[in-house]
Structures are given as C-alpha cells and as structure tokens.
Amino acid sequence: MKIRIPFLNKPPLVPVIRLQGAIGSGGRFGAGLNDAALAPLIERAFKGKPAAVALAINSPGGSAAQSSLIAARIRRLADEKGVKVHAFVEDVAASGGYWLACAADDIWVDDSSLVGSIGVIFAGFGFHELLARQGIERRVITAGRSKSLADPFLPEKSEDVARLKALQEPIHRAFIAHVQARRGTRLSQSADLFNADIWVGQQAVDLGLADGVAHLVPRMKALYGDKVRLAPMGQRRSLVQRLTGSAMGAAMAEVEDRAAFARFGL
C-alpha cells in the first residue's frame, strides 16, 4: 500500500507557452514565430507529464507552413504524453493564429478577442505606371515562364492571378481540414466559417470556433485547483544574440509585427 505524505505532494504543473506575434520563418529582422525556434520550448513544456499545457495566443497569422508545423508538433507531443492542451486567445487569433489555437483541445477567448480569418492571402503592389512616368524600362530575363510570376514592376496578368489562386486553394483546403478535424461537431453547420471572416468573443463561441469566454489563470484554477503552478515558457536568446542584437533590428522587427496586427485594427 502506498503512503502519501500530503506536504510532499507537488501541486499540478501547467506550463504556459506564449505564442505572440506574426508567424514566419524569422523575417528579415529575426522576428516571428517559427517551428525551429519554438521546438525546444514546446518540447520542454511537455517534458515529464504536466497536468496540462496552456497556449497564450496573440497572433494575426502569417506563414501557413510554419503554422502547420508548430501545431503538428504540439499535437504530436500532446498525444504521445496524453496531456490536454488549452488555448487562450488575447487580442487576436486570426488566420495562422487560429491554426495554432486549433492545436488545443479547447479554445477560450476574451469578450473582445478577434477570432477566425480562415483564408489565404497574397498581397503586393503594382509599380509599372510609376516606372513608365519616370522613363524607367523594366528588363527581366528568365528561364521558365513562371519565374517572374506577379512581378510588381509589370502590369498584372490574368494568367498570373489564376496561377496564384491555384496555389492558394490547396493551402486553404488544408486550413479548413485542420479546423474541421480539431473542432468537429462543435462547428456551426449553418454559417459560412471558411470565407476569411473574423468574429468577436462570444460570436466565435456561438459559431463553435471557441468553447467559451474565460481567462487563463482563473480557468486553470477552476480545472486544476487553486494551487496549480503556472510556468511561463518563453523563447531563450543565446548570449551571442543578446550581445549582437541591434536596436535598429529590434525596431524594424517591431514595425513588421505591428503592420501584421494593424490589419485587425490593433
């Protein structure tokens, strides 16, 4: 018979992984959530067998591939360890940010959280008229007719638009499949959830995109007791990164991040 000594029993541990910012391979200035950078942090969160893992999400989205890789890593470890994952949305979990949220077993939002944007976007500029006014001639030599696809310095071509849409479609289908697989019958059957619309707080709950309105600390206490230990997990920067990181690079990274959030008025 096992003898339990109450004061030696540790309270339940819930590591909290913060997923903050745009999702990408790293950006020109080193910013962005990506699988390579997050892998050690996620592995550490699932080390041993915690009571659960919480995701604190505040992301406007970004790379579909990186979103998929990060979410798949979380799910693989959760399934291997038999650990439940809870997602808590702060300002926004849109596009790739919602892809990450769907890696959790349940999703909780604030009344003012923005959720959804289940779609794919390609954005660019057209400079051909500006170049013409300035007397600048664009010269491009390629091997392969698609090498200059959607060149911003040339007039838009209908065949380029068709090609880009053809590239977007399988990514959109993969996103939809991920959401449907993770949310299942909780999703509303009467609403068009996959047209890239966004919803606020309780609206997302009513549509089945989220499970309720709740905040991380009180919800974790309600589920795992008042003595639950919440362990924040942040990305670690090496000594070299800390010594060589420039103020200009940090500032430009912030500009990139804020531009992504600005699409949602944040």
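Contact, the basis for saying that one element packs against another, means heavy atoms within 4.5 Å. The exercises below apply this to a predicted model.

**Exercise 1.** Determine which elements the buried residues of helix H1 pack against.

*Solution.* Begin with the residues of helix H1 (residues 35-45) that count as buried, namely Asp-35, Leu-38, Ala-39, Leu-41, Ile-42 and Ala-45. An α-helix has 3.6 residues a turn, so residues three or four places apart point the same way. Finally, look at the start of H1, where the backbone nitrogen of Ala-36 has a side-chain oxygen of Asn-34 within 3.3 Å.

**Exercise 2.** Decide which element of the protein chain has the lowest mean pLDDT and which has the highest.

*Solution.* First take the chain as a whole, for which the mean pLDDT is 82, with 71% of the residues reaching 70 or more. Then turn to the elements, among which helix H8 (residues 239-244) has the lowest mean, 46, while strand S4 (residues 106-109) has the highest, 98. Over residues 238-249 the pLDDT is below 50, and this stretch has five contacts in the model beyond near neighbours in sequence. Where pLDDT is low, the predicted coordinates should not be read in detail.

**Exercise 3.** Describe the protein chain by its elements and by how much of it is buried.

*Solution.* Count the elements, which gives nine helices and eight strands, and then consider burial, which applies to 39% of the 266 residues.

Technical notes. Residues are numbered from 1 along each chain as its sequence is written. This is a predicted model: local features need pLDDT of at least 70, side-chain atom pairs count only at pLDDT 80 or more; totals for chains, interfaces and linings use all residues. Side-chain values use heavy atoms; hydrogens and water are left out. pLDDT is the predictor's confidence in each residue, from 0 to 100. Helices (H or I, at least four residues) and strands (E, at least two) are DSSP runs, numbered from the N terminus. Buried means under 20% relative accessible area, exposed over 50%, partly exposed in between (1.4 Å probe, protein chains only). A polar contact is a pair of N or O atoms within 3.5 Å; within protein, one must be able to donate a hydrogen and the other to accept it, and residues adjacent in sequence count only if both atoms are side-chain atoms.
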